Amino acid sequence: MLSMALRVGQALSLHMPQPPFTVRPFEHEMRKRAWLGIGLLDVAASLDRASEPMMQSAWLDYNPPLNINDEDLWFDMTWPISEHTEGTFTDMTHTLVSAAAASVTRTLAFSDVTEPAVTIMSLRQQVVHDFQQKTSVLLGGCRPDLSDFQWYAQKTACLMGSWLQLACLRPLQRSYNFIPPKIQENALLKIAADNLQC
């Protein structure tokens, strides 16, 4: 079913930032959200079934949805949608954090069948660091004390970052080009236990 959703999405030109036909601002944003939803399902299915994702990370990274609230757009609007200032927590912030994590997961956790895997350890660590920086910016205005959803978004981002740190050291699938570094004694178990502190 997921492969069918991907094919239908491509047939509808959801993967194109500017489709070959006219779309209103509302529809343009909804198309980006639908395409991102397919991409998130693709990664979730891959993790669940220990298989390669069908989509490459670049297919999602170059045209993400805007960091806006749902009330910022409506069906009949005719002008471009204004994105909130950086660090503002919106209805889409959690989804954008999940999208960033899915992109990094594609880079770190799988072999280099769909796209080239990052095999240099310092670059793998940099990818995780970049995710943490992006998450920090997205959640800059998060107020977990005021909203359960914002608390959930913050905790989920922390858990995603922790999981990506482990995937950096021990990917789900081995690549012929990447040999995981040796970790002495029970250091990996300690990293995993420390990550549960989020």
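Here are some numbered notes on a predicted model, to read with the structure open beside you.

1. Let's begin with the largest pocket. Its volume is about 460 Å³, and 24 residues line it. If you want to find the centre of this pocket, look for Pro 64, Leu 96, Ala 100, Lys 134 and Leu 138, which lie nearest to that point. Helix 3 (58-61), helix 4 (93-108) and helix 5 (121-138) are the elements that each give two or more residues to the lining.

2. Which helix gives the most to the lining of the largest pocket? That is helix 4, with six residues. Sorting the lining of this pocket by class gives 12 nonpolar, eight polar and four charged residues.

3. Now turn to the second largest pocket, which holds about 230 Å³ of space. Its lining includes Leu 40, Val 43, Ala 44 and Leu 47. Ser 98, Ala 101, Ala 102 and Thr 105 are also among the lining residues, as are Leu 159, Met 160, Trp 163 and Leu 164. The elements giving two or more residues here are helix 2 (25-49), helix 4 and helix 6 (148-169). By class, this lining has 10 nonpolar residues, two polar ones and no charged ones.

4. Another salt bridge joins Arg 49 and Asp 48, at 3.4 Å from N to O. Here both partners are exposed. Arg 143 and Asp 145 form a further salt bridge, at 3.2 Å from N to O. Arg 143 counts as partly exposed because its relative accessibility is 41%, a value between the 20% and 50% cut-offs. Asp 145 has a relative accessible area of 58%, so it is exposed. Finally, salt bridges that share partners tie Glu 29, Lys 32, Arg 33 and Asp 70 into one network.

5. Helix 6 deserves a slow look. Its 22 residues reach 32 Å from the first C-alpha to the last, close to the 32 Å expected at 1.5 Å a residue. The buried residues of helix 6 include Gln 150, Ala 153, Thr 156, Ala 157 and Met 160. Further along, Gly 161, Ser 162, Leu 164, Ala 167, Cys 168 and Leu 169 are buried too. What do the buried residues of helix 6 pack against? They pack against helix 4, helix 5 and helix 7 (187-195).

6. Gln 150 is a residue of helix 6. Why does Gln 150 count as buried? Its relative accessibility is 16%, and the cut-off for buried is under 20%. Setting aside neighbours within four places in sequence, Gln 150 is in contact with Phe 89, Gly 141, Cys 142, Arg 143 and Pro 144. For a sense of scale, Gln 150 and Ile 38 are 112 residues apart in sequence and 24 Å apart in space, C-alpha to C-alpha.

7. Arg 124 is in helix 5. Is Arg 124 buried or exposed? Arg 124 counts as buried because its relative accessibility is 2%. Leaving out neighbours within four places in sequence, its contacts include Thr 107, Leu 108, Val 118 and Thr 119. Arg 124 is also in contact with Ala 167, Cys 168, Pro 171 and Phe 178. Two of these, Ala 167 and Cys 168, are listed among the buried residues of helix 6.

8. The last point concerns the backbone. Most residues other than glycine have a negative phi. Ser 13 is not a glycine, yet it has a positive phi of about 60 degrees. You will find Ser 13 in the loop between helix 1 (2-11) and helix 2. With a relative accessible area of 9%, Ser 13 is buried.

Technical notes. Residues numbered from 1 in each chain as written. Predicted model: local features only at pLDDT ≥ 70, side-chain atom pairs only at ≥ 80, totals over all residues. Heavy atoms only, no water. 1 Å grid on protein atoms, 1.4 Å probe; cavity = no way out; pocket = protein on both sides within 12 Å on 5 of 7 lines; lining within 4 Å. Points joined across faces, edges and corners; volume = space filled by probe spheres on them. Helix = DSSP H or I, 4+ residues; strand = E, 2+ residues; numbered from the N terminus. Nonpolar A, V, L, I, M, F, W, Y, C, P; charged D, E, K, R; others polar. Salt bridge = Lys/Arg side-chain N within 4 Å of Asp/Glu carboxyl O. Buried < 20%, exposed > 50% of the residue type's maximum accessible area, 1.4 Å probe, protein only. Expected span 1.5 Å × (residues − 1). Contact = heavy atoms within 4.5 Å.
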